[in-house]
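Subject: Structure handover

Hello,

Here is the structure we talked about handing over. Please look through it alongside the notes below.

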Amino acid sequence: MDAAPAIELRGVSRRYGERWALRDLSVTVPSGQTLVVFGPNGAGKSTLLRLLASLLRPHGGEVTVLGESLPRREWAVRGRIGLLAHDALLYRDLSARENLRFHARLHKQPAARVEELLERTRLTGRADDPVRTLSKGLLQRVAVCRTILHDPPLLLLDEPRANLDPAATALIEPLIGRESGRTRVVTSHDPVGGLAEADLALGLRDGRAALLAPAGEVDVVAVEALYR
Amino acid sequence: MRSREPRPMRPTWVLLRKDLLLERRAPESVPAMVLFSITTFVLFHFGLGRDEVEGSLAAGVLLVTILFAAILGINRLFVSEQAEGGFDAVLLAPIDRTALFLSKAMALFLFLTLVELVAVPAFAILLLGPSPWDALGGLVVVLALVNGALALVGALVSALAIRTRSRDLIVPMIGLPLLVPALIAASRSCAPLLAEGGASWPAAKWLAVLALYDLVFGLLAYAVFDFLLED
Amino acid sequence: MYGKGLRALTLATLVALTATFALVVFWAPNDADQGFIQKIFYVHVPVAIVTLVAYVVGGIFAFKQLRTDDRKWDVRSYVVIHIALIFNVVGLLTGAIWAKASWGHWWVWDEPTLVSFLIVFLLYATYQPLRFSIEDPERQARYASVFAVIAGAFVPLNFMAVRMASSLVHPRTFATAEGGLPGEMMFVFLVSLVAMSLLFWLLVKYEITQKNVTWQIRALRRRLLGDDAVAPIGRSAAPTIAPEAAKPLGQRPRVSYENSPEARSRGPEEIAT
Amino acid sequence: MNPLALLAAAPAVPYEKAGRFVAAAFIVLFACVLIYVAIMATKLQRLERDLSELNRALDEQERAKAAASAADEPPVGAEAS
């Protein structure tokens, strides 16, 4: 991991018509660390993730991800970011293996990588059934495989543990958890769990940074205040 | 399972393979277009009150049917992307985004060819007066150019419409007027082919207009397609 | 600041229009074969030319909006196409009247300009429904610009295809083959063309000024009565965000490449298309 | 050539069949332009109403501010005036 911070936001804002989805946000995340983002729905969490993933262009301020300034050099960060959002980005009529093969070809990864990930998440049994027949938990596991298929240095996870049972969570922890050693931005509604895995905590409220401090200095009460 | 490392296929082929696999796995566009075409021939029979058609009338019936069948296909083109939030999958990949446009245009071209393999013989049997055999060569050329126009304009209009609210209205509303020049040139080229006295090669100027149309709208669509995916 | 040239432009249009009508009715010689009916031509053809040129200009403004992402081009493109649509209706009606006057029925399919005019009208009539069906103003501007660029390129192509398809019944207004127009007619035609162009430009400037005033009042209300007093913008086909408020994103990289590793090592320069 | 002579020399405007069409064409042009002006007029009215509303709001704010500043002024100020 190069010494330069993985993410640097200075005065970043994003507008939706006349409403500000993100307003004047400045955050720096050193590489290898985890930023956990708290905040009620509509506070701008998903907007922040999509902005970091170069899917949304900033309407103000500077965004530097993995040393590349967006949106000018957005092609340079493509393929180096793993986004796990509510949409699984999988084609319902194709099987898990076909989906992952498709993503592997898009990211120029060998087919062996797909097989390795299927085994690590114990999906080989259901790998050839159409994705639409899989339960939500299995679907999330396939989505996790798709997220880290191209070994991205930066992970953007939107409530990764939603509808996952403890067994599945244990399975994907080494892949997208802290011990994966990647820089991670995780959105969460669970103050205790979120703070536990965070190096840096960011509280968003109406698109502004209501709370920004290292995880150690933030207590659960401050996080819950965001939701009131 | 293939043992050797897959050659890094150009992104266009990767996307096209996926579209063809999707259509094979859950066929929805091609059968619908085929059935629609044949039903339309029956409607034309009763609508025009004629057992046989030839010359420019035959060209018109065939091409209008293909045009409207294509509208069905165009409407379904990006649905698989939109449904799964699939656009993000392509936008996140380190590929040139116009590969999506090229792959969708090629997919529609192949679907249209498949449909015409069934629809044209059906048309010949049901409605066409003169025998189609000697017209076959010319028909293949004209229909290839028409499929090109439908695929290029269709892919762009479909991408334009897919992320709006009234998407299946926008496609015919914008697509049909845009395709009028292509239809004019195509029907004027097909008319001599299906003429009563025997097929004669279409006038070169109409084929040129059709080719020019494909070229202009192909390049234009290729240039502006990226803007549709940005946010 | 949009409205400063408005008064002068209105006067110029007034002078040009009255001159046109005076010349047409009192001075222009009657056409040899069509007689007095030919006078409709002094309204129909200039309006037709202004409409087609306006559609192409709307396409050019849209292309600039795509290139610079500056919303003022979107406003101009929208207004130009909006007024061109109105002129298109006038062109169609006067064309139909001329067809009735000289050939006896309201619609003549052999008449290329009239037919291509109808097709172009059908296409551009979908411009506002398309804008209306997109909520996010950013995307609305971008999708409308893509449409305008495509439709702008469509206009000449359509005109060519339709003209080739129909036998040439339409009197060639300036074809030099039959010696074209005698001097006086050409002069009146040019005056009329100038008048119609000025009228078009006046209406465009008028609408842009009106939109600008509406935005300024909205901003003033926001400053005076605070954010909640401002009614949320309903869905509208017209651009709803003032160009100044939506700061342009500046030049966007139009870089195409095979895949990221080579691209990064090669560090391609920004290709300004 | 004084205007009167010009008028006299003008060709008569035939008002039977042909003339009516030409007149119709010009009327269509004017009709569309006037319809457009009418639409813009309604928008102008709405603008005028908004503007007057804003003026009233500004007056109220100034009155409120004036009242507020008068209220919290120390008594000294009161005797002096």
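This is a predicted model: local features need pLDDT of at least 70, side-chain atom pairs count only at pLDDT 80 or more; totals for chains, interfaces and linings use all residues.

Chain A

Chain A has an open sheet of 4 strands in the order β2-β1-β4-β5, with antiparallel pairing. The edges are β2 (19–29) and β5 (68–70) of chain A; each has a single partner strand, so one side of each is left without a neighbour in the sheet. From one strand to the next, the twist averages 30°. Strand β4 (residues 60–65) of chain A runs antiparallel to β5(A) and is joined to it by 3 bridges. A:Val65 has A:Glu68 in β5(A) as its bridge partner. Helix α1 (residues 45–52) of chain A lies across β1 (7–16), β2, β4 and β5 of chain A, and its direction is at about 120° to β1(A).

Chain B

B:Thr98 belongs to helix α6 (residues 98–126) of chain B. Its relative accessibility is 4%, and B:Thr98 therefore counts as buried, the cut-off being under 20%. Leaving aside residues up to four places away in sequence, B:Thr98 touches B:Tyr222, B:Phe225 and B:Asp226.

Chain C

Two packed helices are described by the angle between their axes and the distance between the axes.

By class, the contact of α2(C) with α7(C) has 14 nonpolar residues, 2 polar and no charged.

The other pair is helix α4 (residues 112–124) of chain C and helix α6 (residues 137–165) of chain C, which pack at an angle of about 160° with their axes 9 Å apart. That angle makes α4(C) roughly antiparallel to α6(C). The crossing of α4(C) and α6(C) is right-handed. On the α4(C) side the contact includes C:Pro112, C:Thr113, C:Val115 and C:Ser116; on the α6(C) side, C:Phe147, C:Ala148, C:Gly152 and C:Arg163 are among the residues. The contact of α4(C) with α6(C) divides into 13 nonpolar, 4 polar and 1 charged residues.

Regards

Note on methods
Residues are numbered from 1 along each chain as its sequence is written. Chains are lettered from A and ligands numbered from 1 in the order in which they are written. Side-chain values use heavy atoms; hydrogens and water are left out. Helices (H or I, at least four residues) and strands (E, at least two) are DSSP runs, numbered from the N terminus. Buried means under 20% relative accessible area, exposed over 50%, partly exposed in between (1.4 Å probe, protein chains only). Contact means heavy atoms within 4.5 Å. Two strands pair if DSSP finds at least two bridges between them. Axes are lines fitted to C-alpha atoms, for helices over the stretch in contact, and angles run from 0 to 180 degrees between N-to-C directions. Ala, Val, Leu, Ile, Met, Phe, Trp, Tyr, Cys and Pro count as nonpolar, Asp, Glu, Lys and Arg as charged, and the others, Gly among them, as polar. Angles under 35 degrees count as roughly parallel, over 145 as roughly antiparallel, 65 to 115 as roughly perpendicular and the rest as oblique. A crossing is left-handed if the near helix is turned anticlockwise from the far one by less than a right angle, and right-handed if clockwise.
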